[in-house]
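Open the structure and keep the sequence beside it. The text below can be followed residue by residue.

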Amino acid sequence: MICLARFWSRVNVSGMETLRAPKVRITPIVCLGIYAIVWGIMAYHPVYPDDWLLENILAILGVAFFVATYRFFPLSNISYIPLTIFMIMHAIGAHYTYAETPIGDWLAPLFGWQRNNFDRVVHFSFGLLLAYPVRELYFRLVGARGIWGIVLPVNLLISISAIYELFEWGAAVIVNPEAGIAFLGSQGDPWDAQKDMALASLGAAITMAITFVVLLIKNPEFLSECKESVRVKRRQPLGERKLAEYKRMRDGD
């Protein structure tokens, strides 16, 4: 809580950090080191090797992307930490398969679950933990401000969640049936994909709702920024008018 308080005390009007990052940042290195250690342990004798390989294709590509882009596009610590937590949860789930993760079995009696819900927890955490890093990407790459800096991260994570469910379905159809069933982790629930997407959406919405409230409290200009972000900038319809402009430009050439 102290770290979060310090972070929010130095955000600017759009909710991004204003302090210049030091030349050597310890937090990203520590995050990468912790994840590498956990991943190495979880890579040793996974329960279903074929499923482990499927689960880790996107994870390895994602980590490689953030490492490769770090020098010219580093994220804030408030983004790296939740990313690392999620990746560690994923590494654990990939080792055991999400349907057989011991953590889910331990939690089931405490919460009265009828199944191993570790996969549900991870899907919820996907939205909860990745919403702010996605907000940072939208802010810095697209310049999304005001209400769009809150809504667009939720929309993107819903889309990614749906695409991942389609990826799971495709993998289950293409690869061998045993690995495909383990990869799906539906545990006989016909609505598993829909519930997973709903939980990811809920997690993202919670994080962005908290971000919205904090910015309203900390930032006297944020409400005005939100109003400006939904103001119509160009009143003329775009479609056929723009095509007509292109045609005139082409004819003029």
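Predicted model: local features only at pLDDT ≥ 70, side-chain atom pairs only at ≥ 80, totals over all residues.

Start with the largest nonpolar core, which holds 34 residues. Six of them touch the most other members: Y35, F86, V122, F126, L130 and L157. The helices that each supply at least two residues of this core are α2 (26-42), α4 (77-96), α6 (118-142), α7 (148-174), α9 (192-218) and α10 (222-229). In soluble globular proteins, nonpolar side chains tend to be buried together.

Take F126 as a way in. Beyond residues up to four places away in sequence, F126 touches F86, A131, L157, I160, S161 and A200. Of these partners, F86 and L157 are also among the residues that touch the most other core members.

Now turn to the pairing of α4 with α6. Two packed helices are described by the angle between their axes and the distance between the axes. For α4 and α6 the angle is about 155°, and the axes lie 9 Å apart. Angles over 145 degrees count as roughly antiparallel. The two helices, α4 and α6, are therefore roughly antiparallel to each other. Their crossing is left-handed. By class, the contact of α4 with α6 has 15 nonpolar, three polar and one charged residues. The α4 side consists of I78, S79, P82, L83, I85, F86, M89, I92 and G93. They meet F118, V121, V122, S125, F126, L129, L130, Y132, P133 and E136 in α6.

How buried is V122? Its relative accessible area is 5%, so V122 is buried. Leaving aside neighbours within four places in sequence, V122 is in contact with F86, M89 and Y98. The C-alpha atoms of V122 and D196 are separated by 8.9 Å, although the two residues are 74 residues apart along the chain.

S125 also belongs to helix α6. With a relative accessible area of 8%, S125 is buried. Apart from residues up to four places away in sequence, S125 touches F86, M89 and L130. F86 and M89 are likewise contacts of V122. S125 and G203 are 78 residues apart along the chain, yet their C-alpha atoms are separated by 6.3 Å.

The second pair is α2 with α3. How do these helices cross? Their axes come within 13 Å and cross at roughly 160°. That makes α2 roughly antiparallel to α3. This crossing is left-handed. By class, the contact of α2 with α3 has nine nonpolar, one polar and no charged residues. From α2 come L32, Y35, W39 and M42. From α3 come W52, N56, A59, I60, V63 and V67. Y35 is also one of the residues that touch the most other members of the core.

Finish with the backbone of two loop residues. H45 lies in the loop between α2 and α3 (49-68). Phi of H45 is near 50°, a positive value in a residue other than glycine. T97 is found in the loop between α4 and α5 (102-111). T97 has a positive phi of about 75°, although T97 is not a glycine.

T97 is buried, with a relative accessible area of 2%.

Conventions
Residues numbered from 1 in each chain as written. Heavy atoms only, no water. Core = buried A, V, L, I, M, F, W, Y, C linked by side-chain atoms within 4.5 Å. Buried < 20%, exposed > 50% of the residue type's maximum accessible area, 1.4 Å probe, protein only. Helix = DSSP H or I, 4+ residues; strand = E, 2+ residues; numbered from the N terminus. Contact = heavy atoms within 4.5 Å. Axes fitted to C-alpha atoms, helices over the stretch in contact; angles between N-to-C directions. Parallel < 35°, antiparallel > 145°, perpendicular 65-115°, else oblique. Left-handed = near helix turned anticlockwise from the far one by under 90°. Nonpolar A, V, L, I, M, F, W, Y, C, P; charged D, E, K, R; others polar.
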